[in-house]
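Subject: Handover of a structure

Dear colleague,

Please find below the structure that I am passing on to you. A short account of the findings follows it.

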Amino acid sequence: MATIRDIAEMAEVSTATVSRILNNDETLITTPETKKNVLAAAKKLYTAVVFILKRSRR
């Protein structure tokens, strides 16, 4: 299962940054590129987990 730590490592940011981005923290000041990288990493890891779970059900 993908964790915040996995997303943070992939996006090269802290776990706190990942948490704040995923929770839409309006007080977080970050670049659009950082937000894009975190969301892309989360999507990539989520897709991988879903794929593995679907294959295991067969």
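I begin with I7, which lies in helix α1; helices here are DSSP runs of H or I with at least four residues, strands are runs of E with at least two, and both are numbered from the N terminus. The model is a predicted one, in which local features need pLDDT of at least 70 and side-chain atom pairs count only at pLDDT 80 or more, while totals for chains, interfaces and linings use all residues. Residues are numbered from 1 along each chain as its sequence is written, and side-chain values use heavy atoms, with hydrogens and water left out.

I7 has a relative accessibility of 8% and therefore counts as buried (buried means under 20% relative accessible area, exposed over 50%, and partly exposed in between, with a 1.4 Å probe and protein chains only). Leaving aside residues up to four places away in sequence, I7 touches V18, L22, V38, A41, A42 and L45, where contact means heavy atoms within 4.5 Å. I7 and V38 are 31 residues apart along the chain, and their C-alpha atoms are separated by 6.7 Å.

The contact between α1 and α3 may be of particular interest to you. Two packed helices are described by the angle between their axes and the distance between the axes. The axes of α1 (residues 4–11) and α3 (residues 32–56) come within 9 Å and cross at roughly 125°; axes are lines fitted to C-alpha atoms, for helices over the stretch in contact, and angles run from 0 to 180 degrees between N-to-C directions. The two helices are therefore oblique to each other (under 35 degrees is roughly parallel, over 145 roughly antiparallel, 65 to 115 roughly perpendicular, and the rest oblique). On the α1 side, D6, I7, M10 and A11 meet N37, V38, A41, A42, K44 and L45 of α3. By class, this contact has 7 nonpolar, 1 polar and 2 charged residues (Ala, Val, Leu, Ile, Met, Phe, Trp, Tyr, Cys and Pro count as nonpolar, Asp, Glu, Lys and Arg as charged, and the others, Gly among them, as polar).

R55 is also found in α3 and, at 53% relative accessibility, counts as exposed. R55 and M10 are 24 Å apart from C-alpha to C-alpha, and 45 residues apart in sequence.

As for the whole chain, it has 3 helices and 0 strands. The C-alpha trace spans about 45 × 15 × 15 Å along its principal axes, and buried residues make up 19% of the 58 residues.

Yours sincerely
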